[in-house]
Amino acid sequence: MTELVGQAGLAGLAGLPAASGLPAPSPLTVALLRPLRADHCLVSSAEIERLSAELGALVAHRPGGPFRLTDYLVRTTLWPSASPGPSSPFAWSAGTARRGIGLAAVRSLVAGTTQSPVDGVGLAVSRAISDERGGRGPISSMGQWLAGLTAAGRAAVQADAVTWATRLWSSLDWKAFDSPPVIGRDHWWDSPHSSLLAIRSRAEVRGSSTDGRGNPVSVHLVVLGGPRRAAVRSELSLVALAEALRTGDPQPPGRIVGWWPDSGHFVSLEVDQVTLSLGVATVARTVALLGASERGSGAAA
Amino acid sequence: MVPVTLQPRRAPQRDGLVEVDPGPPGPPGPGNTGTAQGDVLARLRDRSAQRPRFDPGLAGGLRAWLEDGAGALVARRGDDALPLHLGPRLLLGPADQNSPSRQTLALAPKRENYPSQVVTSYLVHALFRQLVTTGSVGDPLTDALDALGLHPNRAGLIRHVGRLDRRARTELRAELTDQIGHLRELTPHFAPGWLPRTDDRLAIPLAGGRVVLCGVFDLLVGAPAPGQASLCALQLTSGGPWAFARTALHYLALLETLRHGNPPFRLGLLDSAVGRYVIEDVQQEHLRAMASHLVTRLALLAGADD
């Protein structure tokens with residue numbers, strides 16, 4: 001596993017040339033899009049199939065399933081002290097809505113539909129509300145929630161989403177992407193060997209770069225919250241694993257970059273055998289702990 | 001730019017700062033022209049094309065200095081201690097707040113009884129965000145409670161206000177009306193292209209994340225640019241100590257330097273209680289002085305943690 005730790009503005013990273021007359025790309029852009037090392041080896045399809053079977057076997061006959069693993073579940077299961085407090089049932093709030101609205105805003109900015117995060121967020125909120133009121137599109141619980149807010153409540157939601165979107169929008173040089181990036185589409189891998197296992201790959205921005213031989217690979221930016229933590233490599237390896245296991249994507253995953261907007265730090269993992277092994281180990285530990293807690297609660301009952 | 005503080009003639013003079021009467025507030029006009037908010041905007045934009053260049057090694061040097069201070073604190077607390085999150089109140093307040101007990105460094109208990117100034121501060125900040133985001137505020141108390149009600153961690157504050165008797169609520173509404181009036185006069189309308197965003201949080205880890213310096217910009221405009229100071233920061237105080245608020249701005253400028261390699265090039269502080277403001281350029285001396293203060297305070301905390 002090749003790992004790069006960096007920070008915006010402090011260290012220039014070679015790899016992406018600045019266009020003549022233009023400022024150099026931001027360090028985060030370089031960390032995400034620069035080509036992989038020349039000696040980087042993609043994981044073979046036979047090895048991917050072996051990992052898939054290994055994961056299926058992990059959950060067979062395990063109590064506590066089905067297991068739908070997310071980065072959040074991994075973090076709170078393996079490192080419970082990193083959790084801010086007791087979990088409560090999900091409810092929409094300014095905090096839980098800002099990512100979805102912010103992503104819609106950045107998507108419209110990248111597409112050129114809007115010119116600023118303020119405009120993008122305003123468009124995303126008004127669309128969600130008008131779709132809800134007009135009965136257009138699938139039922140959206142966030143749209144229902146937004147439609148029921150007062151003007152001041154909506155302003156508070158917009159303010160949070162504008163800040164979230166502006167940080168992402170201004171951290172990357174969007175012209176450095178060869179093809180339009182995919183903004184905020186989560187992927188799920190459903191195990192073909194067991195209906196009890198699925199793994200989510202959450203990433204805010206997905207683009208492409210090249211491996212050591214010039215072949216295209218996908219790269220993924222994950223926006224992180226909370227403190228820097230040892231768990232982050234395991235969280236990011238889960239994204240790498242899900243991306244490697246997914247079939248049908250013409251570009252194999254090459255790199256996962258985790259970025260903390262609060263501090264400007266980022267950590268970059270290249271997707272190789274070591275990273276995927278860490279991902280499998282993370283799944284194994286999480287499933288074992290979830291199964292053990294299930295057994296414990298069953299015994300207590 | 002020499003720091004200058006502006007406030008209405010009738011406002012009390014405090015802290016020995018230079019006061020200039022910007023003239024009686026006129027009727028609200030279109031945009032930012034001819035008003036105090038126009039003056040705030042003009043002072044933020046003044047010579048903005050000539051942004052200062054900061055030493056590219058400055059951020060690294062400041063971080064190394066702070067790492068030394070944090071390392072001493074971590075050494076006293078032990079490697080297994082929970083991460084210590086430090087904000088401006090603990091780092092910049094009077095040193096005697098750092099009483100030599102472990103309680104100082106313990107997490108603050110959840111509050112249910114809030115001093116009136118704290119209540120006002122939270123509510124005014126919520127209204128400030130609304131003003132920046134939408135340009136308008138309705139009934140101040142209702143709007144502020146609606147906004148804070150969307151943040152689960154403000155539930156205690158909402159309950160506290162809900163328990164106020166009629167007279168206290170009337171006084172609170174009057175106070176908010178007064179303060180939002182000042183903010184309407186002072187707060188520029190930033191075009192979306194300025195990228196205005198509120199409550200931009202900073203969390204700078206030191207000593208491998210075992211000490212975290214925290215802060216929140218009330219309002220940032222501009223986009224971070226590698227190698228250039230390109231941001232303006234506007235902070236809000238609603239009647240708290242003016243000198244503390246100005247020092248806290250320098251603290252935030254230091255954190256931004258550690259985050260993106262450069263500080264904001266200009267800082268503004270709005271006092272919604274009396275309607276005054278100050279705009280100043282950030283200079284390397286501010287950052288060095290603040291880093292020196294923090295290292296000293298970290299050493300004090302290390303002693304307090306015995």
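## Domains of chain A

Chain A splits into domain 1, covering 3-86 + 180-295, and domain 2, covering 98-175. The model is predicted. Between these two domains of chain A, 12 residues of domain 1 are in contact with nine residues of domain 2. On the domain 1 side of this contact in chain A, eight residues are nonpolar, three are polar and one is charged.

## Domains of chain B

In chain B, domain 1 consists of 4-55 + 191-294, and domain 2 of 116-184. Their contact involves 13 residues from domain 1 of chain B and 11 residues from domain 2 of chain B.

Two strands of chain B, β4 (197-206) and β5 (211-221), each contribute at least two residues to the side of domain 1 that touches domain 2. That side of domain 1 of chain B is made up of five nonpolar, six polar and two charged residues.

## Contact between the chains

Across the chain boundary, 37 residues of chain B are in contact with 32 residues of chain A. On the chain B side, two or more residues come from each of α2 (58-77), α4 (116-134), α5 (140-148), β4 and α8 (242-260). The most residues on this side come from β4(B), which gives nine. By residue class, the side of chain B that touches chain A has 17 nonpolar, 12 polar and eight charged residues.

Definitions and conventions:
Residues are numbered from 1 along each chain as its sequence is written. Chains are lettered from A and ligands numbered from 1 in the order in which they are written. This is a predicted model: local features need pLDDT of at least 70, side-chain atom pairs count only at pLDDT 80 or more; totals for chains, interfaces and linings use all residues. Domain bounds come from an automatic or database domain assignment. Two residues are in contact if their C-beta atoms, placed from the backbone, lie within 7 Å. Helices (H or I, at least four residues) and strands (E, at least two) are DSSP runs, numbered from the N terminus. Ala, Val, Leu, Ile, Met, Phe, Trp, Tyr, Cys and Pro count as nonpolar, Asp, Glu, Lys and Arg as charged, and the others, Gly among them, as polar.
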